[in-house]
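Please look over the sequence and the model that follow, and then work through the questions below.

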Amino acid sequence: MPGIKTIISLSFVLAVGFLLVILSCALFKVYYPLLVVATYVLAPLPNWICSRCSNPDDFVESSGNAVLDLGRFCTGFLVVMGIALPVVLYHSTLINAAAMAMSIIGGLLIYGTIISFGMFFQEDQEF
Amino acid sequence: MEEDRLWKFRRPEWLNSAWVRNGGVYGAGALFSLAFYVLLDAAVWSKSAANGSDVHVTFVDWLPLIFSALGMLIINSVEKARLSADSFSYSGSGVAWKARVVLFLGFAALAGGMAGGVTVFVLKFVVPSVQWPALGMGVENVVANGLVGLSSVVLWISQNMEDEYSYNLAL
């Protein structure tokens, strides 16, 4: 059962993630790594949208399942995009190695927060 | 069900769980993303200050990936259940035949994309004997097309698991 402690620790982790990403931009005056935040905020969206579109009770038509799969595919795409984007920027010397590491770690923290928040409060809704 | 089996080895049991299936679809998306960003990396690197040579990524380098992605889209849009329909009741007015033709086109596009990647690599990078840091752009092209192929294989396998899974649930 998620209590007040879960919320506090999750928001703390989220703040640390944002801190790392913003620091990776502001320290070096190059603001490309901010894209990572947008990527990870967008990442769970396809799953949410597609789970609304499909009807999980319907086993006769498998089209509902296909929509769910499309959502999962897009989510997988966006999650790897959040890691690949700083690496691409680093490889073409637009940002340096420290900014790359900070934005990857910060992005993973942000995404982990979003996912665990969803997991904790999905259980609440079911009962 | 048991007598219809063609292969000697059974599919391991853990492949039939919903977890593995969903993980496979996520993994396919991840592999496709990796393929796209490997090629994007080549394109960005080509215009960056790190590229000292005068070899640049142009639209020609993107063409194999476009074909691979198109092939993957076609392959995974086909309804798999129609493919194995041997009886008339399922395959109505030759749906299985149409599905096979469309699937063939998809696989042809995918294989054409891979062959195109190797072609670009050989014609643009190996034959003019481009040196290593710039040669990486050609290698990334081949790797990207291979990853798209791998991604569609993973997606195909995890979508074929679906039958057994939903069958178990329906019972």
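Q: How far apart do the end C-alpha atoms of residues 135-157 of chain B lie?

A: This is a predicted model, in which local features need pLDDT of at least 70, side-chain atom pairs count only at pLDDT 80 or more, and totals for chains, interfaces and linings use all residues. Residues are numbered from 1 along each chain as its sequence is written, while chains are lettered from A and ligands numbered from 1 in the order in which they are written. UniProt, in an unreviewed entry, lists residues 135-157 of chain B among its "transmembrane region" features, an annotation that may be inferred rather than shown by experiment. The span is 100% helix and 0% strand, and its end C-alpha atoms lie apart by 34 Å.

Q: How many helices does chain B have?

A: Helices (H or I, at least four residues) and strands (E, at least two) are taken as DSSP runs, numbered from the N terminus. Read along the sequence, the pattern of chain B is α-α-α-α-α-α. With 0 strands, the number of helices in chain B is 6.

Q: Which element gives the largest share of the side of chain B that touches chain A?

A: Contact here requires C-beta atoms, placed from the backbone, within 7 Å, and 23 residues of chain B and 18 residues of chain A take part. On the side of chain B, helix 1 (18-47) and helix 6 (132-170) are the elements that give two or more residues. The largest share, 15 residues, comes from helix 1 of chain B.

Note on methods
Two residues are in contact if their C-beta atoms, placed from the backbone, lie within 7 Å.
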